[in-house]
Amino acid sequence: MSIVINMHGVRQMRTGWADGPEFVTQCPIRPGKSYTYRFTIQGQEGTLWWHAHSSWLRATVYGALIIHPAPGSSFPFPKPDRQTALVLGEWWNANPVNVINQATRTGAAPNVSDAYTINGQPGDLYNCSTKGTVVVPVNSGETSLLRVINAALNQPLFFTVANHKLTVVGADASYLKPFTTKVLMLGPGQTTDVLLTANQPPKRYYIAARAYQSAQNAPFDNTTTTAILQYSKKTTTSKPIMPPLPAFNHTKTVTSFSRKFKSLRNVVVPKTIDENLFFTIGLGLDKCPKNFPKSRCQGLNGTRFTASMNNVSFVLPSNFSLLQAHSNGIPNVFTTDFPAKPPVKFDYTGNNISRGLFQPVKGTKLYKLKYGTRVQIVLQDTNIVTSENHPIHLHGYDFYIVAEGFGNFNPKKDTSKFNLVDPPLRNTVAVPVNGWAVIRFVADNPGVWLMHCHLDVHIKWGLGMAFLVENGVGELETLEAAPHDLPVC
C-alpha cells in the first residue's frame, strides 16, 4: 500500500515538500519506491513525533521524535536522571484500513478500537497481553522526564501514574511554566513533557490511560491501557497499585488542566491582526444520494456522516498534490475561496440548530495568505449532530493559544480574556466541547499547509482546510524547489 510520513510539529521552514500529508504536499510513495525527507529543525526543542499521513496507516506507523538541547545548553530545569518516551496508541483487532474503508462504504461511523496501548502494548488489564506489559524502571529518589505522546487515531486520552505527582514542563516541543498535576489530557497529536520524582515506597505502580469522551451518545473504546512504573529495589511479583482516573466525560478536569498552560517566559504575540478569521468546526450529515442503496447510508436517519469547517467539507485531490499544483501553476486542482467566516451565523452551540445547516458543501478550497500576515483564528465548535472536543492541528506552524472558552465566542466580552503575555505555543489545540479557542501566528513559512482535526475519522469526513502562504522577498522567504525524487501520482 502507498504511504507518506509526516514529521508532526516540525516547522518545515521553506521545506514543505518534506511535510508529508497525502495529496497536500506530496503524492503517496508507492510500494517498492522511496522518497527521502530532507529538512532542518530550527528553534524547536522537546518532544514531537512522526506518523503515517495516509488513510488509517497512522494506527501502527508512528514513533517519537525527540529534539534534545543543543550541545553546550541544557533544559530550563534540573537535568533529569533518565528520560522515557511513552507513546499512547490505539489498536484494532482488524486491519485499520479495512475499518475506515468499510465506514466510507456504509456512511456510518467506523468501529471503535479494541484497545489502547503504551509503547505498542495494551497492558495487563486486557486478555492475553500481561507478558508484554511495558515496564518503566526507576530508582528511589531519581527524577525521570516522561515524554508522553498521544498517537491514538480518534480518542483524546487521560493519563496518570498511581501515587505520583506529574510536573508539566513542556508540550509540543515548547517549554512551559512548570505546574503540578495528577492527570494529563492529551488530544490526538499532542505531546506533553512531565517530570516525575520516584519518592514513593519502592513498589510497582500502574501508569494508565483511558478515554476522555466528550461527544454525547457516541460509542467509544472504554478500556484502560497500562504500563508499570517499577522501583528497582522491590519484588517483581507484587501487584501494581492502580490509580484513579477521571470519569470518561469529565470536562472539568480537562478545563482545569488546559488553563494552567503558559509559556515559560513572556513571548512576542502578534498584537495587530491583518487577517481575523472565524472557523466553525464540527460534524454534518450528507443526504443519501438517489442512486445509493440503504446499505451505503447507515448514518443517522439514513444519511452519511460528514464533517466540515465553515460549512466546507474538504476534498483532497487525487492527480496532483496541492503544493505541486500551486508551485507548478496547474489549474483546476483547487480554488482559493475558502470562506473567512461561516456563510450563515447561527447559535453554534445551541440545541435547536436548523436541519438545513447539517449538510455542508464539498470542495478543495484554500485560503490565501501573503507572507508575513499576522493571523488570528477563532475555532468555534458546533453542536451539529453532536459537539465534541476537537484537536485541531496546523501543519508548518506553531501558534499561540491566547484564549479558550465555552459557548459561542463573543468578541465584545471574550477579547478581554486574551493572554497576550505568556500564552502557550502549540501545534495542536484541543478546542473545548461546545466551546471555542483563539490562536494567533505570523504566516512566515511559504507553502501549502493543512489545518485539520487530528481525529482521523473527522479528517476523512472532511474536517479540514489548507492555507496557501505566498512567497515573500528573497531566497529566505521563498519555498525551496521540489526535490528530484518527489513521488508522482
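Good morning. Between domain 1 and domain 2, about 2,300 Å² of area is buried, and carbon and sulfur atoms give 52% of that area. The model I am presenting is a predicted one, and the values I quote are computed from it.

Let me place that interface. The protein is divided into domain 1, residues 73–259, and domain 2, residues 275–477. From domain 1, 32 residues take part in the contact, and from domain 2, 30 residues do. Taken over C-alpha atoms, the centres of the two domains are separated by 28 Å.

I turn next to the nonpolar cores. The largest nonpolar core has 60 residues, and those with the most contacts inside it are F279, I377, L379, I392, M451 and F467.

Which residues is F467 in contact with, once neighbours within four places in sequence are left aside? The list consists of L277, F279, Y367, L369, I377, L394, G447, V448, W449 and M451. Two residues on that list, F279 and M451, are also named among those with the most contacts inside the largest core.

Y367, another contact of F467, is found in strand 19, residues 366–369. Its relative accessibility is 13%, under the 20% limit, and Y367 therefore counts as buried. Leaving aside neighbours within four places in sequence, Y367 is in contact with E275, L277, F338, A340, M465, A466, F467 and L468.

How many aromatic pairs does the structure hold? The number is 21. One of them is formed by F158 and Y212; this pair is tilted, with 5.4 Å centre to centre and 55° between the planes. The pair links distant parts of the chain, 54 residues apart: F158 belongs to strand 8, residues 157–161, while Y212 is in the loop between strand 13 (204–211) and strand 14 (224–231). Both F158 and Y212 are buried.

Ring pairs also link F279, F338, Y367, Y397, F441, W449 and F467 into a cluster.

Two arginines are placed over aromatic rings. R296 lies over the face of F292, 4.1 Å from the ring centre. In the second case, the charged end of R355 sits over the ring of F358, at 4.4 Å from its centre.

A173 is not a glycine, yet has a positive phi of about 60°. Its loop runs between strand 9 (166–171) and strand 10 (174–181). A173 counts as buried because its relative accessibility is 9%. V385, again not a glycine, has a positive phi of about 70°, and is found in the loop between strand 20 (373–381) and strand 21 (390–394). Is V385 buried or partly exposed? With a relative accessibility of 26%, V385 counts as partly exposed.

The next loop residue is A152, between strand 7 (143–150) and strand 8. Its relative accessible area is 0%, so A152 is buried. Not counting residues up to four places away in sequence, A152 touches R58, L88, G89, E90, L157 and P188. Along the chain, A152 and L366 are 214 residues apart, and 27 Å separate their C-alpha atoms.

Finally, V134 lies in the loop between strand 5 (115–118) and strand 6 (135–138). V134 counts as buried because its relative accessibility is 16%. Leaving aside neighbours within four places in sequence, V134 is in contact with I118, N119, Q121, A227 and I228. P122 is 12 residues away from V134 along the chain, and 8.6 Å separate the two C-alpha atoms.

Thank you for your attention.

Notes:
Residues are numbered from 1 along each chain as its sequence is written. This is a predicted model: local features need pLDDT of at least 70, side-chain atom pairs count only at pLDDT 80 or more; totals for chains, interfaces and linings use all residues. Side-chain values use heavy atoms; hydrogens and water are left out. A nonpolar core is a set of buried Ala, Val, Leu, Ile, Met, Phe, Trp, Tyr and Cys residues joined through side-chain atoms within 4.5 Å. Buried means under 20% relative accessible area, exposed over 50%, partly exposed in between (1.4 Å probe, protein chains only). Contact means heavy atoms within 4.5 Å. Rings of Phe, Tyr and Trp (its six-membered ring) pair if their centres lie within 6.5 Å; planes under 30 degrees apart count as stacked, over 60 as edge-to-face and the rest as tilted. Helices (H or I, at least four residues) and strands (E, at least two) are DSSP runs, numbered from the N terminus. A charge sits over a ring if NZ of Lys or CZ of Arg is within 6 Å of the ring centre and within 35 degrees of the ring normal. Domain bounds come from an automatic or database domain assignment. Buried area is the accessible area (1.4 Å probe) that two parts lose on being put together, summed over both.
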